[in-house]
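Visitor: How does one find empty space inside a protein?
Guide: Rolling a probe the size of a water molecule over the atoms shows where empty space is left.

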Amino acid sequence: MKILNSWLNEFGPFGTNIEKISNAMTSLGLAVEGVETIGQSVKGVVVARVLRTERHPDAAKVHRVFVDSGDGTELHVWCGAFNMKAGDLVPLATLGTTMPDGRVITARGILGIESHGMLCSGTELGLTADSEGILILPKGLKLGVDVFAALKIKPDALFDLDVTRNRPDCNGYLGVARDLGAHFGIQIAAPAGDGAKRGAKKSMKVTILDKKKCSRYNATVISGVEVKSSPDWIARRLTNCGMRPINNVVDASNLVMLELNQPTHAFDAATVNGGFRIRCARRGETLTTLDGQEREFETTDLLICDGKDQAVAIAGVMGGAATEINPSTTVVALETAWFESAGVARTAARLGLRSEASMRFERGVDPHGIDHAVSRFAKILRESCPNLVVHSGAADVKEKHLPPKQRVVNLRLSQVNRILGTSLSAKAVASLLGKIGFVAKSAQSAKHPVLKIAVPSWRPDCESEIDLVEEVARHFGYEKLGKLVPQSTMHGRLSVLQLRRRELRDLICSLGLSEAMPNPFLAPGDLTRAGVTESNAIRLANPLVFEESVLRTSLRPGLLKAIKYNLSHRAEDIALFEIGHVYPSGEQNPTRELPDEYESVCLVAVGESSRAALDWWSQISAVMNFGAQLDQSSVEPGFHPARSATLRRGRQVLGFVGELDPRVLAKNEINSTVACLELDLSALLAETPRVANAKPVSRFPRSDFDLAFVVPNSQSAAAVTKALRQGGGTELVGLELFDVYRGAGVSDDSRSLTFRLSLQAVDRTLTDAEVSATRQRCLDAAAKLGARLRE
């Protein structure tokens, strides 16, 4: 928020001690990010009169201008702007003048003809934002005098405030003045409204169909309008505050918004068909807005429609091009309204269309400041339109959802002193809040006082007790509160989930993988290239860039991009992992307003097979006490159909393990196998880990032997492994699948699986008979699955 010190002083006598005012604003929570001095006179720039202009036959982009700077001498100046004529007064930078941008004006020639100075635009002098032509000065100024002195422009200070979302009132000068007035003990006054008598009754019919999103709508008819440029002082104020002057009607509306934090919108009354209807848009309905863009709406967007129900504006955001003020406008329909903050915010964000008005409606405006805003608008516009008539009979529709003029919030004195570490009395608290317009209605109980504070309508941010405590702190003075170290019997510590996440990260790093952090937002097509279904992926309505518009449903696309990048830079031994959140399709839980998300971990390694992925899972499951069964009957899309498995616990899917599909790798320009393990960490880390029990170490020798089975392709290796463990019993201390064979001697519908079994007892050396019996039980268990001992 840009605040001009001279303008601020119109609300109260704050003076010109810039450092004092700046420090006060910052102490009140209105951080001053910078102070700029504007309106500094440029020595050597004087008022000159255009005598005549001439075109040179060999100069297409410039023309010759002859001026008089007051001494009767005709000066010649080359100029690239063509907006002046004989008799106009213009600013002339004489020879030797140093311009604000550092340029020194010297005699320079074009086509052998010297230029004795430079004619200046408003931008070059820092007076206006219009750089399209030379600044045409008002008639009647004395020639040869300093331009700034002639225009009565004095140096001024411009404060750049960082106004936070919880101070919506300070998006207007009046709100800033209220706080400073309370701080300095200065009586402030709102700018004067229009004192002229209202004209004949003229009204427009207003119908509010969505009474929650629009709880008040005022339409005032104003005639006698002459659309022209604004007076210089208005144009300069808007320019200094970062807004472009347009015409006197629009500029008056913008000036009121800056002063009172009350957005208004002026319609050409001849174009609105006698009235307004405020309703939600129909799906697919369109409107061309003032910026020339055609906007398409959803049913949640609130529109202002004319008497024939045609959309003419986006409520609280921007007006339509068809009803804008134009040079032929003589009657204005002035809209001043209160719109629901959340609705305006959603529409502005979805359309990517944020305006000064939408920002203020999003944060909150005063629903009961409308009448003064209309009066102030008329007062400002009357300066350029002396025949202005504000007609009586304005349509002012108020609905039951309109916030009250005062909202009562209970404030416990004990809470104020406990939170702030003070010993303030009820009278002192009431006095501090009273300075900013809050009224303490009563205090209950002398022992435990509770103040009933009436919060004015211009402070929609103060809704609860803690908000009032903050106001007390600001006006008591943060610097007076002192510093206390909080005392607590509990020390900060990581939660069990955080500890286990860190343990998992350390474990994966110990396996030789490096952590990667890809962008969680993907480009359209990234999921498809990773073999993941993209049709139901959640898309951002207003992405910063198109390439980051899809929420990921898996960590694999980002890691595949990282692998591709590293391979293109000839990196070797690429082994990466990521721990992050993924967002499954919204269709999985359509009853929730927000999409689902869960934490996931994904490990990938280039040049490795499914055996590496299984080794990762084996070590992670052993250390972290994760448990799951390998299900090769269902394979996640994007994984190799014959070298991958799903990790299940009953019907619950906990992850996927194996190799990535070669077709996926080809789409990502990866010419090597990639081992992959992807787990649902939200489910696994939420479990309480089993307490590890110490196991005795046997002092007796171990017996090892190998078994080679011919197993049907329909039976998984995991099923055979489980059967062998059950058959081996407690003496089976080691089981490893170390060979898989397909080829001669084995039928096409089977393969050979060779296991190494290790038997050992805790209390004795196993005899040959015991080893033989255990071996037979293992053979019998495998036989039930159709596995036969290979000869």
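Guide: On a 1 Å grid over the protein atoms alone, a cavity is a set of points where a 1.4 Å probe fits but cannot get out, while a pocket is an open set with protein on both sides within 12 Å along at least five of seven lines; lining residues have an atom within 4 Å of a point. Points are joined across faces, edges and corners, and a volume is the space filled by probe spheres set on them. This is a predicted model: local features need pLDDT of at least 70, side-chain atom pairs count only at pLDDT 80 or more, and totals for chains, interfaces and linings use all residues. Residues are numbered from 1 along each chain as its sequence is written, and side-chain values use heavy atoms, with hydrogens and water left out.

Visitor: Where does the second largest cavity lie?
Guide: Domain 1 (2-39 + 156-184) and domain 4 (413-479) both give residues to its lining, so the second largest cavity lies between them; the domain bounds come from an automatic or database domain assignment. Its lining residues include Arg-167, Asp-179 and Trp-458.

Visitor: What about the largest pocket?
Guide: The largest pocket holds about 1600 Å³ of space. Its lining has 37 residues, with Leu-614, Leu-630, Ala-717, Ala-718 and Leu-737 nearest its centre. Domain 5 (496-587 + 594-684) and domain 6 (703-789) both contribute to that lining, so the largest pocket lies between them.
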